[in-house]
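Please consult the sequence and the structure shown here alongside the text.

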Amino acid sequence: QPLDPLLFTKDQAEVSVVIAKDTFIHSNPKERLTITAELPNGQKLPGWISFEDKSMVLRAVPPSRNLDAVTVLIKAQDEAGDMATTTIRLQLRDAR
């Protein structure tokens, strides 16, 4: 299930959202999950978006040009290779 969109304007210096720890819950509470973020097509995030896996924080520094929207795929993978995903849409809005 997608997460709520992150809305911001290009005039904002930086925005961030914490992905809730319970977004991904494994049936074995002792199982270690590796959390990553990328574009839905498998490419790495553009330079203006970063993801800190330990703190589960997605940060964006709006680019100087106006973009319609970017979807980020958040993946959780366990040690057996099983995976769960969700998405978050970063919606850039003009501040006019």
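## Basis of the model

E38 has a relative accessible area of 17% and therefore counts as buried; the class buried means under 20% relative accessible area, exposed means over 50%, and partly exposed lies in between (1.4 Å probe, protein chains only). The model is predicted, so local features need pLDDT of at least 70 and side-chain atom pairs count only at pLDDT 80 or more, while totals for chains, interfaces and linings use all residues. Residues are numbered from 1 along each chain as its sequence is written, and side-chain values use heavy atoms, with hydrogens and water left out.

## The pair K75 and E38

E38 forms a salt bridge with K75, the closest N and O atoms being 3.4 Å apart. A salt bridge is defined as a side-chain nitrogen of Lys or Arg within 4 Å of a carboxyl oxygen of Asp or Glu. Because K75 lies in strand β6 and E38 in strand β3, the pair ties together parts that are 37 residues apart in sequence. Helices (H or I, at least four residues) and strands (E, at least two) are DSSP runs, numbered from the N terminus.

K75 is also buried, at 17% relative accessibility, and its strand, β6, spans residues 69–77. Not counting residues up to four places away in sequence, K75 touches F24, T34, I35, T36, E38, M83, A84 and T85, where contact means heavy atoms within 4.5 Å.

The whole structure holds three salt bridges.

E14 lies in the loop between β1 and β2 (15–18), and R59 in strand β5, 45 residues apart. E14 is partly exposed, with a relative accessible area of 44%. R59 is partly exposed at 27%, and E52 is partly exposed at 33%.

## The nonpolar core

The largest nonpolar core has 21 residues, of which I49, F51, V72 and L90 touch the most other members. Such a core is a set of buried Ala, Val, Leu, Ile, Met, Phe, Trp, Tyr and Cys residues joined through side-chain atoms within 4.5 Å. Elements giving two or more residues to this core include β3 (34–38), β4 (49–52) and β7 (83–93); β6 provides the largest share, four residues.

V72 touches A37, E38, L45, I49, L58, T86, T87, I88 and L90, not counting residues up to four places away in sequence.
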